[in-house]
Amino acid sequence: MKFKISSGLFIFLTPVLLWLLLLIVIPHLELLLMSLRGENDMGEPVWTFVNYLHFFTEEIYWYTFVRTATYALLVTVLTFLVTFPVAFYITKIVSNRVSVFLTILLLVPFWVSELVRVYGWMILLRESGVLNHFMLRLGIIDTPIEMLYNDVSMIMGLVYTSMLFMVVPLISSLEGMDDSLIEAAHDLGASKWIIFTKIVIPYAAPGITSGSIVVFMLALGNYLTPNLLGGKNSLWFTEQIYNEFIASFNWNQGAAFGFLLLLLSSLIIWTGLKISKQQLGRVMS
Amino acid sequence: MPVVLNISNLTKDFSDFTAVDNISFQVEEGKFFSILGPSGCGKTTLLRMIAGFLEPTSGDLQIQGRDMVGIPPNRRPVNLVFQNLALFPMMNVAENIAFGLKRQRCSKKEISSKTAAMLDRVDLGGYGSKNINQLSGGQKQRVAIARSLVLDPSILLLDEPLGALDLKLREQMKIELKKLQQEIGTTFIYITHDQSEALVMSDTVAVMNAGKFEQIDTPRNLYASPDSSFVAGFVGETNIFTASIEGLRPTLTVRAENGVIFEATAMQEMAGAKRCRLFIRPESIILEPDTNLENLNRFELTVRTILFDGSNTKILAMLGESEITVALPQNQQFAHIAPGEIVSAGVHMDACKCYPGEPQ
C-alpha cells in the first residue's frame, strides 16, 4: 500500500522534478561553474573569483546594478500607487457585475505580448509619433519632441508592463476583506485615513508584498522594455549581462553577473520582508 | 428616565421601495430595547441610520438631545456590534479593543487599563494577546461587544449578533448579554428576527413589519395582547384560523374554516367586517376541562402526533378538518395520551383572539 502511494506520487512529481532539474538546476550549476572559471596570465583555464571581483572593482558595473535596483524599487512603488486605487475601486466600490467586467478589461491588454505593447508605446511617443502629431496640429509645440529614450519613458513602460502582476494579488487580497471591517473601524471613530492605514493596508499586506516581489523581480530582470524605451543609455543591469554574453563573448563574466543579480535581488527581497514583517510562506500562499 | 434616543417621522426611501416608513419612537436611558421583525422588514436600515451609515430621506434623529442627521458614524456617540462581528483579523484581542480608544487619543496608560478592565468585564481576562482566530464563537462575540462598550457609548447597537452561534451558545449568550446590560446600564438597541431573543432580553420590544412599527410594548404585553394580527402571528407560537363572523352581540361568534364555532374576543373594531383571523395559543387550550367552567368553547380533539420535547411537549390534533397544536401541561397528567385517542378540550373565549381581515 505504501509502495503504491509513493509510486503514484512519483508519477505525478516526475514532470515537475524533471522540469526543475533540466531547466533550472542544471543550467544554474553550469552557470555557477562557468562564473568561477577564468584564464591565468598564460591563457590557461583556472578556477578564480576574478569575475566576481570585477563587479566590485569596476565602478560602472555596480553603479549599473545600484541604478537598476533603485529604479526597480521605484517601479514597484509607482506600480503599487497606480494599481491600489484601481484594485480598491474594483473590489469595494463598484457592484459585482461591473467589477468582473473591469477585471477582464484590465487583463485584456496582457493577452498581447510585451513586445507589441512596448512598440505601441513607441508609436505613441516617438518623434514622429501620434502624440507629437496631435500636439503639432493643435499648435502646442512648434517642433516635435523626442519623448523616448529617457528614464521617464522607461520607468513608465516598466510600470505599465508590471501593473497586472500587482493588481491581481491586490484584488484577490482585497476581495477577501469584509466590507464591515471598514464600517466597524468607521463606527469606532476612525477617519478615512486611519481606516486606510490601519485596516485596509494591513489587511492587504500579504497581497501587497507578493505583488511587490513579483513586480520588483520582473522589473529588475526585464530586458526588453528598458532596451526599447530607454534606448542605449538605459544602463539596465540585464543589458550588461547581455553584452557580456553576446557582445564581448565573455561568458564567464556574464555568468558571474547573472549570479550576482540573483543573489543581490534575493538579498533585497529578504530585507524588504524583514522590514515589512511579512513571511514569504504566508505571502506566497 | 431621560430619553436617550428620539426618532420622529423617520423615513428611508430607496429607489424602488420604502425601507423605513415614517417611524417615531423614543428609547429611555438604560433600557434594553429590541426591534423584532422578519427579514426584509427594514430593521437593519433603521439601525444603520441610527449608527450613521445611512442618511434618512426625511425625519429627525436625536441622540441625547443632539440632532444626528448628517453626522458621520465616527462622530456619533453610538457603537454598533456587527452581525458578523467584523473583528480586525490582523490585530490581537487587546488591539481590537484598544482601536477605538486610540482614535480618541487616550494616553497609553489609560488605554491599557481600560482594555484590561473591559476584558475582565466580559470574562476574557488574560486573553489580550490572543489572536482573533484562536477564539471560539462565543469569545469572539464578547470581544466584539467589549470593543464597542469600552468607548462608553450612549447607545450600543447590536445587529443580530447571536445569529451565527449554535443554539446552545445562543441560549447562554442571551442570558449573558442581559446580565451585562443590567450591570453596565448602557442603553442597548438590539435587532433580531428571533422572537425568543427579543422576549427574553428586552425591557421593550418594537415589532416591525414592512417598514412600520406594529406595536411597541413590554414582552409580556406583546405576547398577551397583540395589537395587530401580524404581532399575534409573529410573536410566540400560535394556531391561526381564518373565520367568518356569525354574530357580534352579545359576544363575538365566529365560524372557523374547519367548521367549529368559537365565542371569541375582538382585538380590533369588528363592525363591518365579514371575515377575520382567529388566534389561539397552544397553551391556552385546556384538555379535559372541568364541566362547570364558564365561557369555554368546548370541542373534541383527535390526537394525531405527540411532539415530545421535554417540558415543551405538544400534541398535534385534528379539530374538525384542520390541525391544531396543543401544549401539554408539565405535570405528566396527560402522559398517557396516545395517537388516535379522542379527548375533550376547551378554550376560554378570552384566549380566542380575533382580528378583522383576510389571511395574509
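User: Happy to start with helix H3 of chain A: how many Å apart are its end C-alpha atoms, and what span should its 35 residues have?

Analyst: In this predicted model, H3(A) covers residues 59-93; helices here are DSSP runs of H or I with at least four residues, strands are E runs of at least two, and both are numbered from the N terminus. The expected span is 1.5 Å times one less than the number of residues. The 35 residues should therefore span 51 Å, and the end C-alpha atoms agree with that, being 50 Å apart.

User: Thanks! How are residues and chains labelled, and what pLDDT do local features need?

Analyst: Residues are numbered from 1 along each chain as its sequence is written, while chains are lettered from A and ligands numbered from 1 in the order in which they are written. Totals for chains, interfaces and linings use all residues, side-chain atom pairs count only at pLDDT 80 or more, and local features need pLDDT of at least 70.

User: At which residue does H3(A) bend?

Analyst: The bend is the angle between axes fitted to the seven residues ending at a residue and the seven starting there. For H3(A) that angle is about 30°, with Pro85(A) following within four residues. The residue in question is Thr83(A).

User: How do H9(A) and H12(A) lie relative to each other?

Analyst: Axes are lines fitted to C-alpha atoms over the stretch in contact, with angles from 0 to 180 degrees between N-to-C directions. Helix H9 (residues 192-221) and helix H12 (residues 251-276) of chain A have axes that come within 11 Å and cross at roughly 160°. Angles under 35 degrees count as roughly parallel, over 145 as roughly antiparallel, 65 to 115 as roughly perpendicular and the rest as oblique. That makes H9(A) and H12(A) roughly antiparallel.

User: Which residues of H12(A) make that contact with H9(A)?

Analyst: Contact requires C-beta atoms, placed from the backbone, within 7 Å. H9(A) contributes Thr209(A), Ile213(A), Phe216(A), Met217(A) and Leu220(A). From H12(A) come Ser265(A), Ile269(A) and Ser276(A).

User: And what is the orientation of H5(A) to H7(A)?

Analyst: The axes of helix H5 (residues 114-125) and helix H7 (residues 151-175) of chain A come within 11 Å and cross at roughly 140°. That makes H5(A), relative to H7(A), oblique.

User: Lastly, which element gives the most to the side of chain B that touches chain A?

Analyst: Here 17 residues of chain B are in contact with 15 residues of chain A. Strand E6 (78-81) and helix H2 (93-103) of chain B are the elements giving two or more residues to that side. With three residues, the one that gives the most is H2(B).

Terms used:
Two residues are in contact if their C-beta atoms, placed from the backbone, lie within 7 Å.
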